[in-house]
Amino acid sequence: LAPRAAPESSRRVSALGAAAPYLETLALRVAAAPELETLTVYSTPGCPHCVRAKRALDDARLAYEVIDVSDATARKELEARSGVSSVPQVYLGDERVGGADDTVAALAA
């Protein structure tokens, strides 16, 4: 089976091929206006990719809110927002950063 394409609104391409150019300054955007740039991590307990995304945010000393999507209602809210049900899903305000790889790449830029 071919992988399902991401919704058009979430497709972003940069020189790295993963994170969008606006995400390459993720840490700078949050640091410049923390009250305007809320980071949200949709996660489940014990998810190794979730741990990696949160560790990258912790290492960058960025505050974030964690939303546990273990229950069906929370998972449906994640799917409605992002079009995907996999975790982690990281958001900067209303902009989808992506999963762990995208988050790490955006912070490393």
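I then followed the chain from S1 through H2 to S2 and noted a right-handed β-α-β crossover. This is a predicted model, and I read every entry here as such.

Next I turned to the pairing of S1 with S3. These strands run antiparallel and are joined by four bridges. Opposite Thr40 I found Tyr91 in S3.

**Confidence**

I checked the pLDDT before going on. The protein chain averages 77, and 65% of the residues score at least 70. Over residues 1–22 the value is below 50, and I noted 25 contacts in the model between this stretch and parts beyond its near neighbours in sequence.

**Burial of S1**

I asked myself how many residues of S1 are buried. The count is five of five, and I logged the strand as mostly covered. I sorted the residues by face: Leu39, Val41 and Ser43 lie on one side, Thr40 and Tyr42 on the other, and both sides are covered.

**Nonpolar cores**

I listed the largest nonpolar core, which has 11 residues. Its members are Leu39, Val41, Ala53, Ala56, Leu57, Leu62, Val90, Leu92, Val97, Ala100 and Leu107. I then assigned them to elements: S1 (39–43), H2 (48–59), S3 (89–92) and H4 (100–108) each supply at least two residues. H2 gives the largest share, three residues. Leu39 and Val41, both in this core, sit on one side of S1.

Apart from this core I found another, of eight residues, including Cys50, Leu78, Val87 and Tyr91. Tyr91 is the residue I had already noted opposite Thr40.

**Helix H3**

I went to H3 (residues 72–82) for Leu78 and recorded it as buried, along with Ala74 and Ser82. Why do these residues lie on the same side of H3? They cover an arc of only 55° around the axis, so they share one side of the helix. I set beside this the general rule that an α-helix has 3.6 residues a turn, so residues three or four places apart point the same way.

On the face of H3 turned away from the buried side I found the exposed residues Ala72, Thr73, Lys76 and Ala80. Last, I looked up what covers the buried residues of H3, and the cover includes S1, S2, S3 and S4 (95–98).

How values were computed
Residues numbered from 1 in each chain as written. Predicted model: local features only at pLDDT ≥ 70, side-chain atom pairs only at ≥ 80, totals over all residues. Heavy atoms only, no water. pLDDT = per-residue confidence, 0-100. Contact = heavy atoms within 4.5 Å. Core = buried A, V, L, I, M, F, W, Y, C linked by side-chain atoms within 4.5 Å. Buried < 20%, exposed > 50% of the residue type's maximum accessible area, 1.4 Å probe, protein only. Pairing = 2+ DSSP bridges. Right-handed = clockwise from strand over helix to strand, strands pointing away. Arc of directions from axis to C-beta.
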